[in-house]
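Please work through them with the structure in view.

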Amino acid sequence: MIYYQYRHDRARRTLRGIDEQVAKAEKAVAGKVSVKRNRFIKLTGANKSVNRDLEAKARALAGIKGYTTNLTSQTAEFIIGAYHQLWRIEKSFRMSKHDLQARPIYHHKRESIEAHLSIVFAALAVSHWIEHQTGWSIKKFVQTLRRYRTVTIRAGNHTLTAADPLPADIQKALATITTAAETPSDSGGSATAAEGTH
């Protein structure tokens, strides 16, 4: 099943691209520029011309996008909305590969590989939860907090603790995380963490 959607912004961008390609095709046909790959240039033997039929078809279809699915019981709004969320999945794969170091995997036993990936996906769920609570990307969160350390020094029977002072924005982010973590499990924050593990 295929659902089609028209969006004005998409049409505007597509038509602008068509205008640019047609202008280049016209210059190439007129001999003003060299002939390069351009779908609107029609070659018939040694003759060059602008493919006006293809141009008209491309303009008529500008702004229309098809979404293919095998979920026949779902609405068009659900299917199109799901496609629009694919960037979140792609972001998760990039995060798991780079920030969470999911790859390469040096394990050989199945149990070790599954344990490794379980840790990665747990970290991914926590990362999504932190992003949702703070509004920060996990990369910014880790890189920012990495600069701050707490040092504990034992001198005889005395214990001294020294810590770098935290800026106001970090204190606010940590307070938000602490408050959300103490919220009952049926809260929106916990739901977000659960969604990240799917």
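**Exercise 1.** Determine how α5 and α7 are oriented to each other, and which residues make the contact.

*Solution.* Begin with the geometry: in this predicted model, the axes of helix α5 (residues 110-134) and helix α7 (residues 168-181) come within 9 Å and cross at roughly 115°. Axes here are lines fitted to C-alpha atoms, for helices over the stretch in contact, and angles run from 0 to 180 degrees between N-to-C directions. Angles of 65 to 115 degrees count as roughly perpendicular, those under 35 as roughly parallel, those over 145 as roughly antiparallel, and the rest as oblique; α5 and α7 are therefore roughly perpendicular to each other. Next, take the handedness: α5 passes α7 in a right-handed crossing, a term used if the near helix is turned clockwise from the far one by less than a right angle, with left-handed used if the turn is anticlockwise. Finally, list the contact (heavy atoms within 4.5 Å): Trp-129, Ile-130, Gln-133 and Thr-134 of α5 meet Ala-173, Thr-176, Ile-177, Ala-180 and Ala-181 of α7. By class, these are six nonpolar, three polar and no charged residues, where Ala, Val, Leu, Ile, Met, Phe, Trp, Tyr, Cys and Pro count as nonpolar, Asp, Glu, Lys and Arg as charged, and the others, Gly among them, as polar.

The conventions are as follows: residues are numbered from 1 along each chain as its sequence is written. Because the model is predicted, local features need pLDDT of at least 70 and side-chain atom pairs count only at pLDDT 80 or more, while totals for chains, interfaces and linings use all residues, and side-chain values use heavy atoms, with hydrogens and water left out.

**Exercise 2.** Is Thr-134 buried or exposed, and which residues does Thr-134 touch?

*Solution.* First locate the residue, which is in helix α5. With a relative accessible area of 17%, Thr-134 is buried, since buried means under 20%, exposed over 50%, and partly exposed in between (1.4 Å probe, protein chains only). Then look for partners: not counting residues up to four places away in sequence, Thr-134 touches Ala-173 and Ile-177. The C-alpha atoms of Thr-134 and Lys-172 are separated by 8.6 Å, although these residues are 38 apart along the chain.

**Exercise 3.** Describe how α6 packs with α7.

*Solution.* Helix α6 (residues 138-145) packs with α7 at an angle of about 115°, their axes being 12 Å apart, and this crossing is left-handed. The contact joins Phe-141, Thr-144 and Leu-145 of α6 to Ile-170, Leu-174 and Ile-177 of α7; five of these residues are nonpolar, one is polar and none is charged.

Key: Helix = DSSP H or I, 4+ residues; strand = E, 2+ residues; numbered from the N terminus.
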